[in-house]
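Thank you all for coming. I would like to walk you through one structure this morning, slowly enough that everyone can follow along on the screen.

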Amino acid sequence: MLEVNNLKTWLDAGKTQVRAVDGVSFAINRNETFALLGESGCGKSMTALSIMRLLPEAGRIVAGSVNLDGQDLLELPEIAMRTVRGKRIAMIFQEPMTSLNPVLTVGRQIAETLYRHTALRGDAARVRVLELLDAVGIPDAQVRYHDYPFQFSGGMKQRVMIAIALACEPDLLIADEPTTALDVTIQAQVLELLRKLQREHGMAVLLITHDLGVVSEMAHRVAVMYAGEMVETAERGEFFANPRHPYTRKLFASLPGAVRRGEPLETMRGNVPPLDSDFVGCRFAGRCDFAWRRCGEEAPEWSEVAPGHAVRCHLVGSGAANSPLCKRGAGGDFSGANIRDTVEIPPNPPLQRGEFCSTRQPSSQEQSCVHRLALKGREAAPEQRERPVPLLDVCDLKIHFPIRKGLLKRVAGHVYAVDGVSLAIGCGRTLALVGESGCGKTTVGKGILQLIRPTGGSVRFAGEELTQLKGAALRARRADFQIVFQDPYSSLDPRMRIADILEEGMISLGTASPPAARQASVDSLLQQVGLSPESKYRYPHEFSGGQRQRVAIARALAVKPKLLVCDEPTSALDVSVQAQILNLLRGLQDDLGLAYLFITHNLAVVEYFAHEVAVMYLGRIVERGSVEEVMHAPRHPYTRALLSAVPVIETGSKREVIRLSGDLPSPSNPPRGCHFHPRCPHVMPVCRLNYPAATGFSATHSARCYLYGENRENGGGI
Amino acid sequence: MMPFKLVLLWTDGLLWLLLALVGLYVWRVRRHEHLLQPWRRLSRSRSGVASAVILLAFVAVGVLDSLHFRLPLEKQAGGVVRHYSPEVLSVFDLLVGPLRKQPEKTYSAPFATQLYAKETIELPGGRQLRDYPRLKYGGAHLADPAGEQAGDIAATALEGGAWALVAGWGATLALVLWLARRRRISPGAAWSLVRHGRDEIPWRTFLGTVGMLILFACLAAAFSAKYHIFGTDKVGQDVFYLTLKSIRTGLMIGTLTTLVMLPFALLLGIMAGYFRGWVDDVIQYVYTTLNSIPGVLLIAAAVLILQVYMDSNQELFDTVAARADIRLLFLCIILGITSWTGLCRLLRGETLKLGEMEFVQAATAFGVGHFRIIARHILPNVMHIVLISIVLDFSGLVLAEAVLSYVGVGVDPTMQSWGNMINGARLEMAREPMVWWSLAAAFVFMFVLVLSANLFSDRVRDAFDPRMK
C-alpha cells in the first residue's frame, strides 16, 4: 500500500548538508506492522516526517518517491497533502505531554480532525468522538470529553493522541516511539490497544522505535536503520532468530539481561559517523569487528539471505567467500569470539576501602533496619545475626511535600512522595530500586543524599545518622556518597569546562588540595572513565550523551565516594551506549568497591546489574529480595505485573501478560489500605482497610501483601 | 600651578570607577587563556567588530567629554587668589572649539547661510527690509551665497575627503605595521593577510568601519568650520555640537542606571529564585508593590525633593554644571531603583528553572555553598538574559529621559541631552515651517548608538555561549 523508494532527505546545516535519510526504500501492506528500528540520530523520525512531508525548515527531500496506493505524495501540492494528513496517514508522536494543546478540551481536539476531513458536524461529530474515546479505552467518555489534557495522565494522553490519529480511520498510522515516554505497565496497555485497533480497522502501521522488545511484540516485518540507510530487513521471526548484519547482532549483544550477568556487555567502539560526509564504503565499517578491505572501498548492496530477509553487508553478499572471516573458517557465525571491548579501564590500584567496609562484627543494636523487619516474628538465625552492618541503612524514610494553598500559603495537604522506605546496601553491593515514574524512587535517592531533607525516619551511613547532620559536619560526610543523574544533558553546567566540573567537588570537599594534584587527579579520573585527559579543556556540549554520562560519573568519583546513587543513569542513552556505561559502572565496582543504589525502571538492566532489588509502589517498598528471588519468583502482584509487562524478545511461546488497569494513583491522596488494591487482580476485602505488614520468604526476600504468611490468616479472619 | 582647575563631577567619578573595573577585568582576562577565548571568538565576527568600533567611538567622545576643568579668568591682576571661570569645560569642548563658540541668533537650517526666520534688516541706506538675515558664522565667508555655495560645498567635501583618505591610509598602514610586529611577519605578508581577508579577524570590516568613521569625522570637521551641518536650535546653538555633547548624557544614563539597577535585579532575582520559600515571597511582594506605583510619580517626587534640597543648600554646588550633574546622578539612581523589577522577574524565573537543573543538585551533593553555587552555576547561566535586557533597557532609558524631560523632571534643562532635544522638537515640529533637524540629529545618533549596542551585545552573548561554534 505504501511504497517508499530511494527516499533521500537532506538537512541544511550551515555550509554542509546532513544526509539524514539517504536512500531508504520499503513497502508496507495493509494490516501489517512495519517496524523501523535504530538508535537515535539514524534517520528514523526523518523518514516518517518525510512521508508526512512535515520536515523542519532546513530539511528537504532531494530524491525518491513515496507512493500511497500508487499516488506519489511528493508530487502533490501542499493543499492536497493536507487532505492526506490525518485522513489517510495519521501520526502519533513520542511525547504525549507536548503533543496536545493544553487550552483545548480533548473532545474538541479530536473533533477538530473530524471537522477537517469529514462531513460530521455537531451531535454526529460528538457521538463519533465519544465512540473514539471508548475505542481507545478511556472510561467515562461522556465526562472526559470536556476535560483538558492536564487532567489526564501520560498514558491517557497517549490514548487521546491515538484517538485523534484514528478519527478518520487512516490507511496508515505512523507511530513514532509511541511508548518511549511511558512506563512499562502503561506501555503494555498502549501496545495492546494499538494491536487491537489494527485488527479492527485493518490499517498499516509504521512503528518507529529503538526498543527491540517492542519490535518483537508488535512488528510483522522489521527494518534496521543505521546512519541514514537501511542495513537489514526481515520478517519478525527470522529477524530475531537469525540476525545477519553485524550492527544488528551488536544491538542484540549489548542488551543487558540475566543471561549476561557477570560478564561485560558487548559494545561498539566509536560513534555513528557524521552524516554530512560522502561515504565510500560501508557506513558501519569503522565500528565493525569484521570489517575487511572491501568494506572500506565499496558500499555493500542488498543481498538476500533468505526469502524476505535482506542484508547490506559484504560478509553475506556475493564474494563473501573472499572475506577473511570465511577464510578463517568462522563461517557465518561471527558473534562472540574476537570482540574487543571499547571501554578500556586501565587497571587501578585497589582503593583503600574505608575502615568501615573492612569486616567488622556488629553488635546486636547495629543490626540493620531491614533485617530487623525481615526477621520480625521469626527466630533470628545465628548466621544472620552476624551479617555485617550495611554501609547504608535507611529506616522508615519519609519525605512529604506540603501542598500550600491560598493567600497565606496554608498547608492544605501533603504529597506523600516517600512514605516509610527502609533499605540497606552493603559495601560493594548494588541495590536496584525499581518502580514506575512517580512512585518516589528519585526522591528516595535525593533524600538519602540529603539533597531533600527527609520529613522522618533515619538514614545511617557507615553508622552515622545523616538526617541530624548539619552544615560542616554534613559537608565533611558528603564525599562518601555521590549521585549520577539521569539526563547527561542537564547534569553538566554548559558553561564550565570539564576540568572545572571535575574539580568542583575536590575544591569544595578539600580533597587533593594543591592545584597540581587536582589536575593530576582530573587526568586519572578521565582515564578511569575511558576519556582522554585532553578532553578536560572542552565544554560539555562537545561530547555525546554517553561521553557526558562518563564525565558525570567521573565527577562523582572525584571525591572518592563509597556509595553512588545512580538515578536512571542509562535511560536517556541508546542501547549500545547503555552497554558501555553499564560495563564502566561494573568495572568501577570491581576496582573501587563502590556500592550502588541503582534507581531504574529498566528491569533488564536490573537483572544484569543488581545484587538486590527493592520494588517501590507509591512511596513504599512492596517487595524486596535478592535479584534471583525477586526477578524469578516474584510474590507481590505488582512485581508480577511489572515483570510480565516488560516486552521481551522471544521467538517461542506467548507469555501471559498481567494487565494492570488504570494508572498510578496520586501520591497526595493514596488509596486507603494497601496502595495497590485499586489495580490489584487479587484484591480482597482486607486490602482496602490496612496497609499489609511485611512477610518474609527467606532471609532476604520479603513482600508486603495480604496474600502471604500471617497476613493471609489475618486477612482471612476479617 | 596648573593653568586650570580640575573638576571631578559625581558622574565623572563613577564613570572612571566603571572604566577602572573594566580595566581590571581586561587585565584579568589577558592573563587567562580560557577567559580570553570568548573575546577571540567575538573578534572573529564581522558585525561584532563593526559595532565594537562604533561603540568605542561613542565611548571615546563620552570619555573625552567627562574630563572636566575650569579655566582661569582672563582678568588677573597678579593677585594671590586665582579666580576660575564658573563655566565648566571638558576636553571635548576644547577639541570642538568653534562649534561651541559660534552661536547664531536663532534657528537655521543645515548648511544654511541665512536664518530660518525673517527679520527686519536695516540696510545701509537706512531703509528697512524684512528678509532672512545672513548668519553670523554659517557661510559667512561667502560673498554671494546663492551663487557660490554649491561650489564651496563641493570644494570643502573634496578637502574633507582628501584628509579622510590620508587618515584612512595612515590607519591602514598603522594596522599593517602593528600586525606585522605582533605576528612577527613581514609587513608585506601582513598586508596581504589584511587585503584578502585571510586572517581570522575580519580586518577588512574593521578598516571599513574605521574608514567610515574617519570619513565622517573629516567631513564634519571640514564643514563645521564653515557651516552648521545640523543647523542651529532656537537660541542659535549648533545642533551638531548639542548632539555630540548629548552622547555623554546618553551613555551616563544608560550605564549608570544599569549600574544602579543591576545589583538589585541580580541579587534579589537570583535570591528569590534560588532560595524560594519566604525569601521569594518577600521579594515578590516588594517588586509587585514597586511595580504598581507609576514610575513617573516616584521619579517626579524624588527629583523634586532633590530640587528642594539643592535650592536650600546652594553653597554645596558651586557651578551650574555641578547642579546639573547631581541631578543627572539622581535621575540615574531613581531610574535604576524603579526599573530593576522587570529584569528581577526574568531572573527569578530563570533561576527557578536552573535551580531544578541537575548540575545544581550535583553541586549541592558536593557540599558546595549557596554563594558559590550562585556565583559559579547560576550567574553565568543567566548572564545572557542580563546582557540582552541591559541593552534593550539602554534604548528605553534614553527614551525615558526624553519623556521625563517632557514632564519636567528629566535632566537639567541646561544639560545637553537627546531627551531635551526631542522634548524641544515637540514645539519645533508644530511650528510652520517645521524645524526638523534637531529631532533628526538626535534620532540618527541615538539610532546608531542603540543599534550598535544591540548588535554588539548579541555577538557577546553568542561568543560567551560555549554551545555556539
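Let me begin with a pair of helices in chain A: helix 7, residues 184-201, packs against helix 23, residues 637-645, at an angle of about 55°, and the two axes are 8 Å apart. Please keep in mind throughout that this is a predicted model. For those who are new to this, two packed helices are described by the angle between their axes and the distance between the axes. Given that angle, helix 7 of chain A and helix 23 of chain A are therefore oblique to each other, and the crossing in which helix 7 of chain A passes helix 23 of chain A is left-handed. On the helix 7 side of chain A, the contact is made by A:V184, A:T185, A:Q187 and A:A188, while helix 23 of chain A contributes A:A641, A:L642 and A:A645. Sorted by class, this contact between helix 7 of chain A and helix 23 of chain A has five nonpolar residues and two polar ones, with no charged residues.

A second pair in chain A is formed by helix 19, residues 545-557, and helix 20, residues 575-592, which pack at an angle of about 20° with their axes 9 Å apart. How are these two helices of chain A, helix 19 and helix 20, oriented to each other? Angles under 35 degrees count as roughly parallel, and helix 19 of chain A and helix 20 of chain A are therefore roughly parallel to each other. Their crossing, that of helix 19 of chain A and helix 20 of chain A, is right-handed. The residues that make this contact are A:G545, A:G546, A:Q549, A:R550 and A:I553 from helix 19 of chain A, together with A:V577, A:Q580, A:I581 and A:L584 from helix 20 of chain A. By class, the contact of helix 19 of chain A with helix 20 of chain A divides into four nonpolar residues, four polar residues and one charged residue.

Stepping back to chain A as a whole, there are 24 helices and 24 strands, and of its 718 residues 48% count as buried. If we take the contacts in chain A with a separation of 6 or more, residues 24 or more positions apart account for 67% of them.

Now let us turn to chain B, whose secondary structure comes to 16 helices and five strands. The C-alpha trace of chain B spans about 95 × 65 × 55 Å along its principal axes, and 36% of the 469 residues of chain B count as buried. In chain B, helix 9, residues 239-275, and helix 12, residues 320-356, pack at an angle of about 35° with their axes 5 Å apart, and the crossing of helix 9 of chain B and helix 12 of chain B is right-handed. Their contact, between helix 9 of chain B and helix 12 of chain B, has 22 nonpolar, nine polar and two charged residues.

Is B:S438 buried or exposed? A residue is buried if 20 or more other C-beta atoms lie within 10 Å of its own, and B:S438, with 27 other C-beta atoms within 10 Å, is therefore buried. Leaving aside neighbours within four places in sequence, B:S438 is in contact with B:D233, B:V239, B:M421, B:G424, B:A425 and B:E428.

Where the chains meet, the contact takes 23 residues from chain A and 17 residues from chain B. On the chain A side, helix 17 gives the most, with four residues, and the residues of that side of chain A divide into nine nonpolar, six polar and eight charged.

Finally, a word about confidence. The predictor gives the complex an ipTM of 0.79 and a pTM of 0.81. Chain A averages a pLDDT of 82, with 88% of the residues scoring at least 70, and chain B averages a pLDDT of 86, with 97% of the residues scoring at least 70. In chain A, however, pLDDT stays under 50 over residues 326-355 and also over residues 375-386. Where pLDDT is low, the predicted coordinates should not be read in detail.

Definitions and conventions. Residues numbered from 1 in each chain as written. Chains lettered and ligands numbered in written order. Predicted model: local features only at pLDDT ≥ 70, side-chain atom pairs only at ≥ 80, totals over all residues. Buried ≥ 20, exposed ≤ 12 C-beta atoms within 10 Å, placed from the backbone. Contact = placed C-beta atoms within 7 Å. Axes fitted to C-alpha atoms, helices over the stretch in contact; angles between N-to-C directions. Parallel < 35°, antiparallel > 145°, perpendicular 65-115°, else oblique. Left-handed = near helix turned anticlockwise from the far one by under 90°. Nonpolar A, V, L, I, M, F, W, Y, C, P; charged D, E, K, R; others polar. pLDDT = per-residue confidence, 0-100.
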